[in-house]
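Here's a quick briefing to read with the structure open beside you.

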Amino acid sequence: MERFIQVLVDGWATGSLYGALAVAVVLIYRATGIVNFAQGELAMFSTFIAWGLMQAGLPLGLAIAGTLGLSFLGGMLIERLVIRPVEGGEVLTLVIVTLGLYVLVNSLAGWIWGFGNRAFPSVFGDGSFHVAGAAVAVESVGIVAVLIALVLGLYAVFQRTKVGLAMRAVSFNPDSSRLVGISVGRTLMIGWGIAALVGALAGALIAPRLFLDVNFMGGVLIYSFAAATLGGFDSPFGAVLGGWIVGIAENLAGTYVDFIGSDLKILVPLAVILVVLLFRPTGLFGSPEVARA
Amino acid sequence: MTSKRLRLAAWGVVLVLAIVLPFFFNAYRVGQFTQAMALGIAVLGLNLLVGYSGQISLGHGAFFALGAYTSAIAIVDLDVPYLLALPLAGAVCAVAGFLLGLPALRLRGLYLALVTLGVAIATPQVIKRAEGLTGGTQGMTVDKVTAPAWSGLADDQWLYFVTLAVTALMFVLAAFLVRGRVGRALVAIRDNEIAARTMGVDLARFKTGTFAASAMYAGVGGALFTLPLGFLAPESFPLALSFAFLAAIVVGGLATIAGALFGALFIEFVPVYAADVDEALAGVIYGGVLILFMYLLPGGVMGLIRKIASMKPRPRGSDDAQAGAVRRLGDRAAGGGAARERVRSQ
């Protein structure tokens, strides 16, 4: 029973991390219809910046805060320079360009920081407390709390601010938005900036649980895609819930299904994606795609 | 000279160059050229799928690995001669491709990209887990191919010519496939599914069929790729390999046959030379090339060559699958116009 609770809480925390990156993916998909395959690598790059700031002597909290700011600017810059020229293009073009970004960012990080791995400290320390006999890490609870705060914050921005209203308008209908005086380009840049910021936050939370190296987000990305798919791809709440389900399912399967063990856990997100897309393509909370022939 | 004769002459020159090539380089280089041809087969297969039929796969490294392991297991454990192991690898991959093609029928664009990306990410893990068959992380050693005495060739040269023969066969097959009825049907599906169906194209048959054929090409390529090395391990088939294939078709030119050659040479030799500067440089080049080609040269190298070769005006509505693929990439309004023109030209 203790073990079960532990597995559950761990899965919940891991799932929150998948959810955080999935939220970043969903934000961009909602705004532009692009699935950003480079989202995980951008988060990896941000985490390395945080690590670099710490090496330069900044305390952890300040390094992460600085990284969030830099990531926001970086996301805006990438939208303007890399994505803008192909925005609204064919799916294949967009997939190729964001994959190009994936490979480029990954290799640039390897060039700058090398391919070795390093430890990254957790903001929540390594304490733990006991619930019903099971040891629960403070970190796990902290991660879940951060994610919930993040989603509530995003909700407030989207529903209660002018920028948020503009972002919803642009994703709903860019042409009409332009006609009522919204700067569509700037709004999209802000959207990418927010997504990069959310990704950076996810990276800084994930790095302590794995080791920080240039490929540490590669595996996480596919889990996040599974979370986003399960949540319906255009719902941030869905992405979070999807992340929790995927995280808990992965941990349960890894612990209790012998065949899967720790090596084949990677098949869990793949199975989730495939089953959701084949049987309920809109996921749990997605809006159906209506196409005019 | 007509453009058809010009094209045949160009292929003739390529073939002659390919035949004399192994007599001018050392065994190590010849091995690399052999690998480049093997990659070329896989790249061509991916181009059939992505360039011609418009279905995205980010997971062709998985079929490449499946083909490599199938042939290695057949050669090592079942004592199958390597020439028979090749069609065996192709057949196994064709079945696997057909099976992945079934769910792909219901998945479009992005979603298919997601699923195939998942397959590519999972591949090394699955290979490690199937230890009994694949040797797990230890990898497998395959005996090097030896040249028969009558040929008078060195082992590496013999393997080079075997690979060249298979490559030529696969390229000719693909060329016939895309120039005929099948190719027109695929391009029609890519440019406008509804119009294609109206014209009587059986979508399910052609889409799954392309997946199977494409996977077969990747499998044969994978089987040939491991022969000059004599060794394979899960790390030989990372996610980066699948991305390299995609980079190769973008560099060579979407929906072209000859582009696969340029693309394969690119992904075989760029890492070799880039590694002298920095381990990461090859990736930087791949990533940069993927993005820049999409902006500046969406037709790839072949698009550039054709543009130069056809400075004189071409008859309108000439049947050209690549022009459609390129126009589609540049077309922001879903390519409806391109599809209409294509239907009329047939």
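Predicted model: local features only at pLDDT ≥ 70, side-chain atom pairs only at ≥ 80, totals over all residues.

**Where the two chains meet**
- On the chain A side, 40 residues are in contact with 39 residues of chain B.
- Three elements of chain A each give two or more residues to that side: helix 4 (91–113), helix 9 (216–231) and helix 11 (267–279).
- Helix 4 of chain A is the top contributor, with 16 residues.
- By residue type, the side of chain A that touches chain B splits into 28 nonpolar, 10 polar and two charged.

**The nonpolar core**
- As a general point, nonpolar side chains in soluble globular proteins tend to be buried together.
- The largest nonpolar core in this model has 213 residues.
- A:Leu21, A:Val198, B:Ala247 and B:Leu290 have the most contacts inside this core.
- Helix 1 of chain A (residues 2–32) gives the most to the core, with 16 residues.
- Leaving out residues up to four places away in sequence, what does A:Leu21 touch? Its partners are A:Gln39, A:Gly40, A:Ala43, A:Gly199, A:Ala202, A:Val220, A:Leu221 and A:Ser224.

**The chain A hairpin**
- Strand 1 (residues 128–131) and strand 2 (residues 134–137) of chain A run antiparallel and are joined by four bridges.
- Two of the bridge pairs to look for are A:Phe129 with A:Val136 and A:His130 with A:Ala135.
- The hairpin has two residues between its strands, and A:Ala132 takes a positive phi near 50 degrees there.

**Chain B: burial and packing**
- Of the 346 residues in chain B, 53% are buried.
- Among chain B contacts with a separation of 6 or more, 77% are between residues 24 or more positions apart.
- Is helix 8 of chain B (residues 181–191) enclosed or open? Nine of its 11 residues are buried, so helix 8 is largely enclosed by the rest of the structure.
- The buried residues of helix 8 of chain B include some charged ones: B:Arg184, B:Arg190 and B:Asp191.
- Also on the buried list for helix 8 of chain B are B:Gly183, B:Ala185, B:Leu186, B:Val187, B:Ala188 and B:Ile189.
- Helix 4 (residues 82–104) and helix 10 (residues 203–229) of chain B have axes that come within 6 Å and cross at roughly 145 degrees.
- That crossing of helix 4 and helix 10 of chain B is right-handed.
- The residues of this helix 4 to helix 10 contact in chain B divide into 21 nonpolar, seven polar and one charged.
- B:Ile73 sits in helix 3 of chain B and counts as buried because 20 other C-beta atoms lie within 10 Å, which meets the cut-off of 20 or more.
- The C-alpha atoms of B:Ile73 and B:Leu133 are 7.2 Å apart, though 60 residues separate the two along the chain.

- Most residues other than glycine have a negative phi.
- A:Phe233 has a positive phi, near 65 degrees. You'll find A:Phe233 in the loop between helix 9 and helix 10 (236–256) of chain A.
- Is A:Phe233 buried or exposed? A:Phe233 counts as buried, because it has 29 C-beta neighbours inside 10 Å.
- B:Asp79 has a positive phi too, about 55 degrees. B:Asp79 is in the loop between helix 3 (60–78) and helix 4 of chain B.
- B:Asp79 has 7 C-beta neighbours inside 10 Å, so it counts as exposed.

**A:Phe285, after helix 11**
- A:Phe285 lies in the segment after helix 11 of chain A.
- With 17 other C-beta atoms within 10 Å, A:Phe285 is partly exposed.
- Beyond its neighbours within four places in sequence, A:Phe285 is in contact with A:Gly231, A:Gly232, A:Ser235, A:Phe237 and A:Gly238.
- A:Phe285 and A:Ser235 are 50 residues apart along the chain, and their C-alpha atoms are separated by 6.3 Å.

Terms used. Residues numbered from 1 in each chain as written. Chains lettered and ligands numbered in written order. Contact = placed C-beta atoms within 7 Å. Axes fitted to C-alpha atoms, helices over the stretch in contact; angles between N-to-C directions. Left-handed = near helix turned anticlockwise from the far one by under 90°. Pairing = 2+ DSSP bridges. Core = buried A, V, L, I, M, F, W, Y, C linked by C-beta atoms within 7 Å. Buried ≥ 20, exposed ≤ 12 C-beta atoms within 10 Å, placed from the backbone.
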